[in-house]
Amino acid sequence: MNASGSAIVLSLFLGWCMLPASSHEQTEFGTIEGQVRFTGIVPPPKKIMTNDGTTLLHNDLVVDPKTKGLRHVVVVLENAPAQSKAKKEDAVLVDQRDMVFLPRVVAIRNGQKVRFENNDLCNHSVIASSTKSANQFNIVAASNQPYVHVFEPQKHPVQIGCSFHPWMLAWIYVVPHPWFAVTDAQGKFRIERIPSGKYSVWLRHADSGLQERQQVHVEAGKTAKSKIEWPKANDGQPVRSK
Ligand SMILES: [Cu+2]
(Lines give C-alpha, C1' and ligand atoms only; values in the text may rest on other atoms or scores of the structure.)
Protein backbone atom coordinates (compact mmCIF):
# COMPACT_ATOMS: atom_id res chain seq x y z
CA MET A 1 0.00 0.00 0.00
CA ASN A 2 1.38 3.45 -0.93
CA ALA A 3 1.46 6.48 1.38
CA SER A 4 -1.79 7.99 0.13
CA GLY A 5 -3.53 4.62 0.52
CA SER A 6 -2.37 4.45 4.14
CA ALA A 7 -3.62 7.98 4.74
CA ILE A 8 -7.08 7.08 3.41
CA VAL A 9 -7.22 3.97 5.58
CA LEU A 10 -6.05 5.97 8.61
CA SER A 11 -8.61 8.73 8.04
CA LEU A 12 -11.39 6.17 7.59
CA PHE A 13 -10.30 4.50 10.82
CA LEU A 14 -10.20 7.81 12.70
CA GLY A 15 -13.56 8.77 11.24
CA TRP A 16 -15.04 5.53 12.48
CA CYS A 17 -13.50 6.05 15.94
CA MET A 18 -14.95 9.54 16.20
CA LEU A 19 -18.51 8.47 15.47
CA PRO A 20 -20.72 8.71 18.55
CA ALA A 21 -21.14 5.37 20.30
CA SER A 22 -24.77 5.37 19.30
CA SER A 23 -25.63 8.07 16.81
CA HIS A 24 -29.12 6.62 16.39
CA GLU A 25 -29.97 7.18 20.06
CA GLN A 26 -28.74 10.77 19.97
CA THR A 27 -31.22 11.61 17.26
CA GLU A 28 -34.19 10.53 19.35
CA PHE A 29 -33.50 10.98 23.04
CA GLY A 30 -32.82 13.89 25.34
CA THR A 31 -32.29 14.63 29.03
CA ILE A 32 -33.89 16.81 31.68
CA GLU A 33 -31.84 17.94 34.62
CA GLY A 34 -32.54 20.48 37.28
CA GLN A 35 -32.66 21.53 40.87
CA VAL A 36 -35.47 22.20 43.33
CA ARG A 37 -34.65 24.81 45.97
CA PHE A 38 -36.57 25.78 49.07
CA THR A 39 -35.67 29.43 49.67
CA GLY A 40 -38.01 30.10 52.59
CA ILE A 41 -37.39 29.73 56.30
CA VAL A 42 -36.99 26.09 57.24
CA PRO A 43 -39.00 25.35 60.40
CA PRO A 44 -37.12 23.77 63.31
CA PRO A 45 -37.17 19.97 63.45
CA LYS A 46 -39.85 18.17 65.43
CA LYS A 47 -38.74 16.19 68.46
CA ILE A 48 -40.24 12.72 68.57
CA MET A 49 -40.05 10.63 71.74
CA THR A 50 -39.81 6.95 70.89
CA ASN A 51 -41.18 4.14 73.07
CA ASP A 52 -37.79 3.42 74.61
CA GLY A 53 -37.24 7.04 75.62
CA THR A 54 -34.83 8.09 72.89
CA THR A 55 -35.51 11.28 70.94
CA LEU A 56 -35.67 11.50 67.14
CA LEU A 57 -35.41 14.75 65.24
CA HIS A 58 -37.55 15.02 62.13
CA ASN A 59 -38.05 17.74 59.57
CA ASP A 60 -40.51 17.42 56.70
CA LEU A 61 -38.28 19.76 54.69
CA VAL A 62 -34.75 18.41 54.26
CA VAL A 63 -32.87 21.42 52.86
CA ASP A 64 -29.16 21.64 52.10
CA PRO A 65 -27.96 24.76 53.97
CA LYS A 66 -25.39 25.63 51.28
CA THR A 67 -27.44 25.34 48.07
CA LYS A 68 -30.96 25.39 49.59
CA GLY A 69 -31.60 22.25 47.54
CA LEU A 70 -34.68 20.32 48.70
CA ARG A 71 -34.39 16.57 49.05
CA HIS A 72 -37.13 14.00 48.38
CA VAL A 73 -38.97 15.82 45.58
CA VAL A 74 -40.30 13.30 43.09
CA VAL A 75 -40.11 14.42 39.47
CA VAL A 76 -42.30 12.55 36.97
CA LEU A 77 -43.00 13.11 33.27
CA GLU A 78 -46.72 13.21 33.69
CA ASN A 79 -47.85 12.67 30.11
CA ALA A 80 -45.20 10.18 28.99
CA PRO A 81 -46.70 7.02 27.48
CA ALA A 82 -47.03 3.99 29.77
CA GLN A 83 -44.41 1.29 29.16
CA SER A 84 -44.42 -2.43 29.79
CA LYS A 85 -43.55 -3.60 33.31
CA ALA A 86 -39.93 -3.64 34.45
CA LYS A 87 -38.75 -7.22 34.65
CA LYS A 88 -35.15 -7.72 35.70
CA GLU A 89 -34.57 -4.70 37.89
CA ASP A 90 -33.49 -5.40 41.46
CA ALA A 91 -35.93 -4.94 44.30
CA VAL A 92 -35.84 -1.53 45.99
CA LEU A 93 -35.19 -1.72 49.72
CA VAL A 94 -37.32 0.15 52.24
CA ASP A 95 -35.64 -0.49 55.55
CA GLN A 96 -36.97 -0.06 59.07
CA ARG A 97 -33.95 1.03 61.02
CA ASP A 98 -33.43 3.20 64.10
CA MET A 99 -37.22 3.63 64.34
CA VAL A 100 -37.72 5.25 60.92
CA PHE A 101 -38.29 4.10 57.34
CA LEU A 102 -35.21 4.47 55.15
CA PRO A 103 -35.39 5.91 52.60
CA ARG A 104 -38.43 8.03 53.34
CA VAL A 105 -39.28 8.60 49.67
CA VAL A 106 -38.99 6.01 46.93
CA ALA A 107 -40.01 6.14 43.27
CA ILE A 108 -40.23 2.90 41.33
CA ARG A 109 -41.27 1.71 37.94
CA ASN A 110 -44.31 -0.46 37.37
CA GLY A 111 -43.39 -4.09 38.08
CA GLN A 112 -40.36 -3.29 40.23
CA LYS A 113 -40.43 -5.10 43.58
CA VAL A 114 -40.16 -3.37 46.93
CA ARG A 115 -38.51 -5.31 49.73
CA PHE A 116 -39.41 -4.24 53.27
CA GLU A 117 -36.92 -5.19 55.96
CA ASN A 118 -36.86 -4.67 59.70
CA ASN A 119 -33.32 -4.19 60.98
CA ASP A 120 -34.32 -3.01 64.44
CA LEU A 121 -34.55 -5.28 67.45
CA CYS A 122 -38.23 -4.48 68.03
CA ASN A 123 -41.28 -5.44 65.98
CA HIS A 124 -42.60 -3.04 63.37
CA SER A 125 -45.48 -3.30 60.96
CA VAL A 126 -45.92 -2.08 57.42
CA ILE A 127 -49.25 -0.50 56.52
CA ALA A 128 -49.64 0.49 52.89
CA SER A 129 -52.51 2.99 52.43
CA SER A 130 -53.92 3.59 49.00
CA THR A 131 -57.23 3.94 47.19
CA LYS A 132 -56.15 0.96 45.04
CA SER A 133 -56.78 -2.41 46.67
CA ALA A 134 -53.67 -3.95 45.06
CA ASN A 135 -51.58 -1.40 46.94
CA GLN A 136 -53.12 -1.96 50.37
CA PHE A 137 -51.70 -4.30 52.99
CA ASN A 138 -51.00 -4.45 56.68
CA ILE A 139 -48.36 -6.88 57.91
CA VAL A 140 -46.32 -7.37 61.06
CA ALA A 141 -42.64 -6.98 60.19
CA ALA A 142 -40.53 -9.00 62.57
CA SER A 143 -36.74 -8.66 62.54
CA ASN A 144 -35.11 -10.57 59.69
CA GLN A 145 -38.39 -11.45 58.01
CA PRO A 146 -38.45 -9.39 54.81
CA TYR A 147 -41.67 -8.80 52.95
CA VAL A 148 -41.72 -8.25 49.19
CA HIS A 149 -44.55 -6.48 47.37
CA VAL A 150 -45.19 -5.41 43.78
CA PHE A 151 -47.28 -2.24 43.62
CA GLU A 152 -49.58 -1.15 40.83
CA PRO A 153 -48.98 2.27 39.27
CA GLN A 154 -51.05 5.11 40.69
CA LYS A 155 -51.16 8.86 40.36
CA HIS A 156 -50.54 9.69 44.01
CA PRO A 157 -47.89 8.09 46.24
CA VAL A 158 -48.72 5.08 48.41
CA GLN A 159 -48.41 6.06 52.07
CA ILE A 160 -46.40 3.63 54.19
CA GLY A 161 -46.76 3.61 57.97
CA CYS A 162 -46.21 1.46 61.06
CA SER A 163 -49.05 0.75 63.48
CA PHE A 164 -46.71 0.56 66.48
CA HIS A 165 -44.92 3.84 65.83
CA PRO A 166 -47.16 6.60 64.45
CA TRP A 167 -44.28 8.87 63.42
CA MET A 168 -42.89 6.27 61.00
CA LEU A 169 -43.79 7.29 57.48
CA ALA A 170 -42.61 6.71 53.93
CA TRP A 171 -43.93 7.42 50.45
CA ILE A 172 -43.77 5.14 47.43
CA TYR A 173 -44.45 6.55 43.97
CA VAL A 174 -45.26 3.87 41.39
CA VAL A 175 -44.78 5.17 37.86
CA PRO A 176 -45.95 3.40 34.67
CA HIS A 177 -42.73 4.32 32.79
CA PRO A 178 -39.02 4.87 33.52
CA TRP A 179 -38.95 8.69 33.25
CA PHE A 180 -38.84 9.87 36.85
CA ALA A 181 -36.32 10.86 39.53
CA VAL A 182 -36.07 11.79 43.22
CA THR A 183 -34.07 14.88 44.15
CA ASP A 184 -30.81 14.24 46.02
CA ALA A 185 -29.35 16.04 49.05
CA GLN A 186 -28.68 19.14 46.90
CA GLY A 187 -32.18 19.07 45.40
CA LYS A 188 -30.79 17.93 42.04
CA PHE A 189 -32.32 15.48 39.62
CA ARG A 190 -31.60 14.08 36.16
CA ILE A 191 -33.81 12.02 33.85
CA GLU A 192 -32.10 10.48 30.82
CA ARG A 193 -33.11 8.71 27.61
CA ILE A 194 -36.37 10.62 27.22
CA PRO A 195 -37.96 10.36 23.76
CA SER A 196 -37.92 13.90 22.32
CA GLY A 197 -41.18 15.78 22.73
CA LYS A 198 -43.09 18.19 24.95
CA TYR A 199 -43.81 17.04 28.47
CA SER A 200 -45.59 18.16 31.58
CA VAL A 201 -43.14 17.60 34.41
CA TRP A 202 -44.81 17.16 37.81
CA LEU A 203 -42.63 17.89 40.84
CA ARG A 204 -44.06 16.91 44.21
CA HIS A 205 -42.90 16.88 47.79
CA ALA A 206 -45.22 14.54 49.66
CA ASP A 207 -44.44 15.56 53.25
CA SER A 208 -45.10 19.27 52.68
CA GLY A 209 -47.67 19.11 49.88
CA LEU A 210 -45.50 21.46 47.79
CA GLN A 211 -45.88 20.82 44.09
CA GLU A 212 -45.50 22.40 40.69
CA ARG A 213 -45.98 21.51 37.06
CA GLN A 214 -43.56 22.68 34.37
CA GLN A 215 -43.77 22.36 30.61
CA VAL A 216 -40.46 21.11 29.23
CA HIS A 217 -39.45 20.60 25.64
CA VAL A 218 -37.02 17.70 25.32
CA GLU A 219 -34.93 17.89 22.17
CA ALA A 220 -32.89 15.07 20.72
CA GLY A 221 -29.30 14.97 21.97
CA LYS A 222 -29.85 17.99 24.26
CA THR A 223 -30.30 18.60 27.97
CA ALA A 224 -33.27 20.71 29.04
CA LYS A 225 -32.64 22.59 32.29
CA SER A 226 -35.28 23.00 34.95
CA LYS A 227 -35.04 25.35 37.93
CA ILE A 228 -37.66 25.36 40.64
CA GLU A 229 -37.80 27.67 43.64
CA TRP A 230 -40.31 27.30 46.41
CA PRO A 231 -40.20 30.36 48.68
CA LYS A 232 -42.55 29.16 51.39
CA ALA A 233 -44.06 26.02 52.80
CA ASN A 234 -47.80 26.08 52.06
CA ASP A 235 -48.57 29.32 53.97
CA GLY A 236 -46.13 28.26 56.62
CA GLN A 237 -48.03 25.06 57.36
CA PRO A 238 -46.68 21.94 55.70
CA VAL A 239 -49.59 19.78 54.61
CA ARG A 240 -49.32 16.12 53.77
CA SER A 241 -50.57 15.21 50.33
CA LYS A 242 -53.21 12.52 50.16
CU1 LIG B 1 -42.47 0.66 63.81
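User: Which residue in β15 does G30 stand opposite?

Analyst: G30 stands opposite I194 in β15. The model is predicted, and local features need pLDDT of at least 70, side-chain atom pairs count only at pLDDT 80 or more, while totals for chains, interfaces and linings use all residues. Residues are numbered from 1 along each chain as its sequence is written. A strand here is a DSSP run (E, at least two residues), numbered from the N terminus, and two strands pair if DSSP finds at least two bridges between them.

Strand β1 covers residues 29-38 and is joined to β15 by 6 bridges, the two running antiparallel. Strands of a sheet pair through backbone hydrogen bonds, in either a parallel or an antiparallel way. The sheet that holds this pair is open and has 3 strands, ordered β15-β1-β18, with mixed pairing. Because β15 (188-195) and β18 (223-230) each have a single partner strand, they stand at the edges, and one side of each is left without a neighbour in the sheet. Neighbouring strands of this sheet are turned against each other by 20 degrees on average, direction ignored; axes for such angles are lines fitted to C-alpha atoms, and angles run from 0 to 180 degrees between N-to-C directions.

Strand β9 (residues 124-129) runs antiparallel to β10 and is joined to β10 by 5 bridges, with H124 opposite A141 in β10.

Definitions and conventions: Helix = DSSP H or I, 4+ residues; strand = E, 2+ residues; numbered from the N terminus.
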